[in-house]
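Let's take a walk through this one, from the overall outline down to a few backbone details. Keep the viewer open and follow along.

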Amino acid sequence: MTLEQLLKEISRINSRLDEIEQRLDEMQFHRVILDESRVVEGEGMLGGRTYLTGQTGEIQKLIRVPVCDSCGQIGRYEFICHHCEKKLCRDCTIIYENTTHCLDCLRRYHIDLSKKAWKVLKCIVNGVTIVSTISRLTKMLREEVITSMAELQRLGFIVKDGWIIKRYRITEDGLVAMNLYDRIYGSDPDSYDFLMELKDYAP
Ligand SMILES: [Zn+2]
Ligand SMILES: [Zn+2]
């Protein structure tokens, strides 16, 4: 290699080193110093943020976003179930005896009404008490209607009374249960059809 070639090679290496240095400078410039991410907050927790340091010294910021513990809607929780402390949005909050409940706790600690029993209760409150008619309106089997009526009687939501002809009627507790569960079952598509048929039959 001649001196001229050697100088040329040195100059080539130098410019390459400059390039690398510049690249390193740029990398340093673009080094992550704060990494922010959002995660879903755990059940019963109201949200918050956590700061951690990463391997290269950057700060990791975790924002824990609260969601309704029942339906999962983001950032719309407004109430806390007074039994299990789940946070709830307005749609998922059930007020019973002036306290807030999630559906699970309403069922577990207070009133557990099946959809079938609710439909039968809707019939009875509208004066429809004959098993075959209830069966037709609710599209439930006769046996299911009879079982639901027994369940409602056991829960004290309906009673059989009258002088000569004994008929079922709804009790005060039954009305409370029905109103609570109107909100829970009332907007289901099959409930809509049923309520329309009931309205036609017993306006
Ligand atoms: Zn909700
Ligand atoms: Zn609860």
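**A tour of the model**

Start with a pair of helices: the axes of α4 (residues 131-138) and α5 (residues 142-154) come within 9 Å and cross at roughly 110 degrees. An angle between 65 and 115 degrees counts as roughly perpendicular, so that is how α4 sits relative to α5. On the α4 side, the residues that meet α5 are V131, S132, I134, S135 and T138. Their counterparts in α5 are R142, V145 and I146. Sort the residues of this contact by type and you get four nonpolar, three polar and one charged.

Before going further, keep in mind that this is a predicted model.

Now zoom out. The protein has seven helices and nine strands. Its radius of gyration is 34 Å, while the globule rule gives 17 Å for 203 residues, so the protein is more spread out than a compact globule. You can see that in the box as well: along the principal axes, the C-alpha atoms fill roughly 125 × 35 × 25 Å. Buried residues account for 19% of the 203. As for contacts between residues at least 6 apart in sequence, 41% of them join residues at least 24 apart.

Next, the sheet. Three strands make it up, in the order β1-β3-β2, and it is an open sheet with mixed pairing. The edges are β1 (34-40) and β2 (48-53), each of which pairs on one side only. On average, neighbouring strands here are turned by 20 degrees against each other, ignoring direction.

On one side, β1 and β3 run parallel and are joined by seven bridges. To trace that pairing, find D35, whose bridge partner in β3 is Q60, and then V40, which is partnered with V65.

E85 is not a glycine, yet its phi is positive, near 65 degrees. You'll find E85 in the loop between β4 (77-80) and β5 (87-89). E85 is partly exposed, with 14 other C-beta atoms within 10 Å.

Further along, N98 also has a positive phi, about 60 degrees, without being a glycine. N98 belongs to the loop between β6 (94-96) and β7 (99-101). What about its surroundings? N98 has 6 C-beta neighbours inside 10 Å, and a residue with 12 or fewer is classed as exposed, so N98 counts as exposed.

Notes:
Residues numbered from 1 in each chain as written. Chains lettered and ligands numbered in written order. Predicted model: local features only at pLDDT ≥ 70, side-chain atom pairs only at ≥ 80, totals over all residues. Pairing = 2+ DSSP bridges. Helix = DSSP H or I, 4+ residues; strand = E, 2+ residues; numbered from the N terminus. Axes fitted to C-alpha atoms, helices over the stretch in contact; angles between N-to-C directions. Parallel < 35°, antiparallel > 145°, perpendicular 65-115°, else oblique. Contact = placed C-beta atoms within 7 Å. Nonpolar A, V, L, I, M, F, W, Y, C, P; charged D, E, K, R; others polar. Buried ≥ 20, exposed ≤ 12 C-beta atoms within 10 Å, placed from the backbone. Rg over C-alpha atoms; globule rule 2.2 N^0.38 Å.
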